[in-house]
Amino acid sequence: MITWFNENGLLLGLALLDGLAYAALVFMVSVGLNLVFGVLRVLNVAHGSFYAIGAYAAATLGGLAGLPAWASLPMLLLAAVLVGLLLGPVIERVLLRRIYSEEPVIQLLVTFALFMILEDAQKLVWGVQPVSNDAAVRLLGTVDVPFAGDVIPFTAYQLFLLPGVALATLVGLAWFLRRTLTGRVIVAVTVDREAATAIGIDAKKVFLLTFTAGAVLAALGGALASPTTSLVPGIGAQTIVLSFAVIATAGLGQIEGAALTALLIGLGRSVAVYFAPELEVVVPYLIMVAVLLVRPQGLFGAAEARRV
Amino acid sequence: MTQSGMRRAEPWLALAGAVALVAVAWAAPWLRFILTLALAKGIAVLGILLLLRAGQVSFGHAMYAAIGAYVVAFAAPSMGDVLVLLPLAMLTAGVVGLVIGLFITRYREIFFSMLNLALSMVLYSLLEKFYAITKGSDGIRVAPLSIAGMPMDGPMAAWVMFGTALAVAAIFWWVARRYLVSPMGEALSAIKTRETRLEFMGVSARGVLLVAYVLSALMAGAAGAIIAMTTRHVTPLLAYWTSSGELVFIAILGGAGGVLGPFLGAVTYELIRVYAAAAFADIWQMALGLALLAVILFAPGGVWGVIAALLRRARVS
């Protein structure tokens, strides 16, 4: 054990740092998916497309000519908000509103169709060649992280900014949902849509708001991820499957639970990247399957009574 | 025409369809390849249809097709007989389906869909990453095949595969037709409407769904084997989510109302694809997505629904 640590300690440290940054991104996307599912009762398969489009938009906006270096950070946020505000409301009003009363199978298929459409739209706009823009990462430079008597140089962007934004989102969202009127209205619709409507809550408005918020969160996840990786077609599919794994493992409707699970899955995956690369993609699903075998309602979910 | 009237008319429609397929394959040899693939996909879609009857949609069934295809690729060099490979591929897919099904039939709706999707993505990445065994994304070339000891080549091979696909499709069509009117099959639609009442009657809903799941895995395995033997090349893409999405798409396009739907859907889909892929090479998925939305929102019965409506009208007038 000790000799193993001496040989692989640094690698493990790097894996943990990487995992933390990765978990932050995964959390941003899955918390949005979770929120939308909780309120609308529709699993939005196209949620991963918002992530992908947010990432591409951020790379494009950040790469505009004549932009000062400091602007690369606000551009990430701007890209996410633009994508979320442009796509979210339109899709909710035009498409989802028609299918709230349909069977779950039909709802899944409709968002799946939307996902196929957005996937190609992405390829049309940004092509199939890898796109990358790491201005924001270069702007913040690197830090030496002391680990086990050694130092690991790591980018400040991944070390501070990503977990910072994720933490702010977690705290902000929990505060918004539990302490503000709008947030409590959203929670009321999640818990009991009929009763909420009966006391005069406009469910349609809540749906529109929630879906847009979810789209912005997913796009923000993508925008924040864009400086750390190169963007290729297919990241949308990966993201939706991964964030579903997170919310299924956490239990539907859990915010703090989603954060912890994102951490678990993020760390698990990055440890796999360094120590068993061929298992990288498999690890999140192994964790999910293992959890669901023991607790079908997820790690933090309450067991739901069966509908009669 | 009533529901049972449609059911009686179905064998004649099936026969007419089979004759039409053979005639087209004869007249236009280049379409024979396309039609073989369409029939194979129709077989896999038939499995999707069984699950749809229970109100469940699998976004991962291409996994079983990929299993069938890779079994063919791995086994072909040592025992390259179609009559051996096909049952072997089906058996393997069925056994994997049983193991996964024992776990996955505990879940419904989105969990069922997404767990299937997740597992198929796992298989995809395993096929892609373990280069030493699977040759990664390059895929494996399927060794020369024989049937009943006779080596297959050229046009004869194409006809053998077309005939095999047609025969397997006919067998599964008959099995699915009988299965759906059997007590097991009736219980399947009860899972969709009121699962708890099914259990009150002392029927295990999980057991009912498991049978359908294993059957659907067998069908997808057969489809994958036929695809591998026809194209003679297998890649991890067979297990990718787009392939699973394609199967679900064909099921909706064909219509979930009758067991002929999957084959109508598959032939329509493949023919449209051949002609339209050239026109929309870059936005092929987008066109599919739009078509899927159009079918769901405006023609929920699919191709089968349209034909049934036409027949009904003809009978009335």
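Arg41(A) is partly exposed, with 15 other C-beta atoms within 10 Å; a residue is called buried if 20 or more other C-beta atoms lie within 10 Å of its own, exposed if 12 or fewer, and partly exposed in between, with C-beta atoms placed from the backbone. This is a predicted model, in which local features need pLDDT of at least 70 and side-chain atom pairs count only at pLDDT 80 or more, while totals for chains, interfaces and linings use all residues. Residues are numbered from 1 along each chain as its sequence is written, and chains are lettered from A and ligands numbered from 1 in the order in which they are written.

Arg41(A) lies in the loop between helix 1 (2-40) and helix 2 (47-62) of chain A. Helices (H or I, at least four residues) and strands (E, at least two) are DSSP runs, numbered from the N terminus. Although Arg41(A) is not a glycine, its phi is positive, about 60°.

Also in chain A, helix 3 (residues 72-94) and helix 9 (residues 203-225) pack at an angle of about 145°, with their axes 7 Å apart. Here axes are lines fitted to C-alpha atoms, for helices over the stretch in contact, and angles run from 0 to 180 degrees between N-to-C directions. Residues in contact have C-beta atoms, placed from the backbone, within 7 Å. Helix 3 of chain A contributes residues including Leu76(A), Gly84(A) and Arg93(A), and helix 9 of chain A contributes residues including Phe207(A), Ala215(A) and Leu224(A). By class, this contact has 17 nonpolar, three polar and two charged residues. Ala, Val, Leu, Ile, Met, Phe, Trp, Tyr, Cys and Pro count as nonpolar, Asp, Glu, Lys and Arg as charged, and the others, Gly among them, as polar.

Chain B has 13 helices and four strands. Its C-alpha atoms fill a box of roughly 50 × 45 × 40 Å, taken along the principal axes. Buried residues make up 51% of the 317 residues in chain B. In the loop between helix 9 (205-231) and strand 4 (233-234) of chain B is Arg232(B). Arg232(B) has a positive phi of about 60° although it is not a glycine, and is partly exposed, with 18 other C-beta atoms within 10 Å.

The contact between the chains takes 33 residues from chain A and 34 residues from chain B. On the chain B side, helix 5 (109-129), helix 10 (241-254) and helix 12 (284-298) each supply at least two residues. Helix 5 of chain B gives the largest share, 12 residues. The chain B side has 23 nonpolar, seven polar and four charged residues.

Conventions. Contact = placed C-beta atoms within 7 Å.
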